[in-house]
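The following paragraphs lead the reader through one protein structure, residue by residue and contact by contact. Please keep the sequence and the three-dimensional view at hand while reading.

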Amino acid sequence: MMQALPSSLIVIPCLNEAAHIGVLLDQLRPAAARLGARIVVADGGSTDGTPAIVGERAKEDPRIILLHNEKRIQSAAINLAVARFGDGAEYLIRIDAHGGYPADYCDRLVEEALATGADSVVVSMLTSGSGTVQKAAAAAQNSKLGTGGSKHRHLSAGEWVDHGHHALMRISAFRAVGGYDETFSHNEDAELDYRLRQAGYRIWMSGRTQMVYYPRASLSGLYFQYLGYGRGRAKNVLKHRVIPKVRQMVPLLVFPVVVLAAFSFVHWLAAVPLLIWASVCLGYGLWTAVSQRNADIALAGVSAMVMHFGWSVGFWLQLLGLGKQRGVA
């Protein structure tokens, strides 16, 4: 006789995801049935019909629950779902509404948690797009130029890590460290991973499954997303007094380089660092497009520049205590 798998709680934080939420729920329902799991959609006040779609699915399947998240941000959404529905469940499975998943995604996560004894199982996040801007952003986010070689941006064979894209977590560990810090609207996962490690919990990067993320479809959306990421990283640095990694420190120079270029009227040398950075990024985009014979990703260098600049601006604004952080990731 096969041993029953531990019960799980599947949580989907979302805001205005009408284009994705119905298909995602239909995909997750069989896994929820196999795992004896509830699916909680924690909605942050969608105005595009997302709650109505979830409501229709909930009528068809009592495992699906619509939860109103007054605080809007993802960290608060998951904390609320665990507080309301976490009792009796062994594992929390976090699903992003703006993503794609294999049919056996949840099963593989639970199996790896049991096989490794990990308190958290994280996954690789591969990026894919459909339009010209989205494809370029995806190419940039899948590259070392765009993400600095972050482990969870590339496929893994399975390994113990410090941080990764959140997928599964033992609810007892989640609660023991206090859940997500709700003052973080971005980078809340890395901040929680830091506390998990400090408390002695272990994080395993899956080698058996991964998810696909669909990036912003406009450069302005990409900029504000990375502005938030930069703020979140700086907030994490300030809270825990940690030194950023080298791959994070390099983009920090981008904003100062842009500011320095504004003084090129004093001396032309002030513009040289900006020109070098732009040349590297744009050259990378063109090289990628040619090497992959895909003209759609020629703008990957532009996307990388937007990501670098947004992240750098956000980090410096947070470090200097300037401006306000946008409320939703």
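Leaving aside its neighbours within four places in sequence, Ser46 is in contact with Cys14, Leu15, Asn16 and Pro51, where contact means heavy atoms within 4.5 Å. This is a predicted model, in which local features need pLDDT of at least 70 and side-chain atom pairs count only at pLDDT 80 or more, while totals for chains, interfaces and linings use all residues. Residues are numbered from 1 along each chain as its sequence is written, and side-chain values use heavy atoms, with hydrogens and water left out.

Ser46 is situated in the loop between strand S2 (38–43) and helix H2 (50–60); helices (H or I, at least four residues) and strands (E, at least two) are DSSP runs, numbered from the N terminus. Ser46 is classed as buried because its relative accessible area is 12%; buried means under 20% relative accessible area, exposed over 50%, and partly exposed in between (1.4 Å probe, protein chains only). A polar atom of the Ser46 side chain lies 2.6 Å from the backbone nitrogen of Asn16. The side chain of Ser46 also makes a polar contact with that of Asp43, at 2.4 Å. A polar contact is a pair of N or O atoms within 3.5 Å; within protein, one must be able to donate a hydrogen and the other to accept it, and residues adjacent in sequence count only if both atoms are side-chain atoms.

Charged side chains come next. The count of salt bridges comes to 20, a salt bridge being a side-chain nitrogen of Lys or Arg within 4 Å of a carboxyl oxygen of Asp or Glu. One of them joins the side chains of Arg63 and Asp61 (3.7 Å, N to O). Asp61 is buried at 6% relative accessible area, whereas Arg63 is partly exposed at 33%. Both belong to a network of salt bridges that links Asp26, Arg29, Arg57, Glu60, Asp61 and Arg63. Another salt bridge is formed by Asp96 and Arg94 (3.8 Å, N to O). Here Asp96 has a relative accessible area of 11% and is therefore buried, and Arg94 is buried at 7%.

Which residue does Arg197 meet in a salt bridge? The partner is Asp162, at 3.6 Å from N to O. This pair links distant parts of the chain, 35 residues apart: Arg197 is in helix H8 (residues 188–198), and Asp162 is in the loop between strand S7 (159–160) and strand S8 (165–170). Arg197 is partly exposed, with a relative accessible area of 29%, and Asp162 is partly exposed at 42%.

A pair of aromatic rings is described by the distance of the centres and the angle of the planes. A search of the whole structure finds 10 aromatic pairs. Tyr226 and Tyr229 form an edge-to-face pair, because their ring centres are 4.9 Å apart and their planes stand at 75°. Rings of Phe, Tyr and Trp (its six-membered ring) pair if their centres lie within 6.5 Å; planes under 30 degrees apart count as stacked, over 60 as edge-to-face and the rest as tilted. The two tyrosines both lie in helix H9 (residues 219–240), 3 residues apart, or about one turn of the helix. Tyr226 is buried at 6% relative accessible area, while Tyr229 is partly exposed at 27%. Elsewhere in the aromatic set, Tyr223, Phe224, Phe255 and Phe309 form one cluster.

Helix H5 (residues 132–141) is largely enclosed by the rest of the structure, because 7 of its 10 residues are buried. These are Gln134, Ala136, Ala137, Ala138, Ala139, Ala140 and Gln141. Gly129 lies in the loop between strand S6 (120–127) and H5 and is partly exposed at 24% relative accessibility. Beyond its neighbours within four places in sequence, Gly129 is in contact with Gln134, Lys135 and Ala138.

Most residues other than glycine have a negative phi. Arg72, in the loop between strand S3 (64–68) and helix H3 (74–85), has a positive phi of about 75°. Arg293, in the loop between helix H12 (272–291) and H13, has a positive phi near 50°. Arg72 is partly exposed at 40% relative accessibility, whereas Arg293 is exposed at 79%.
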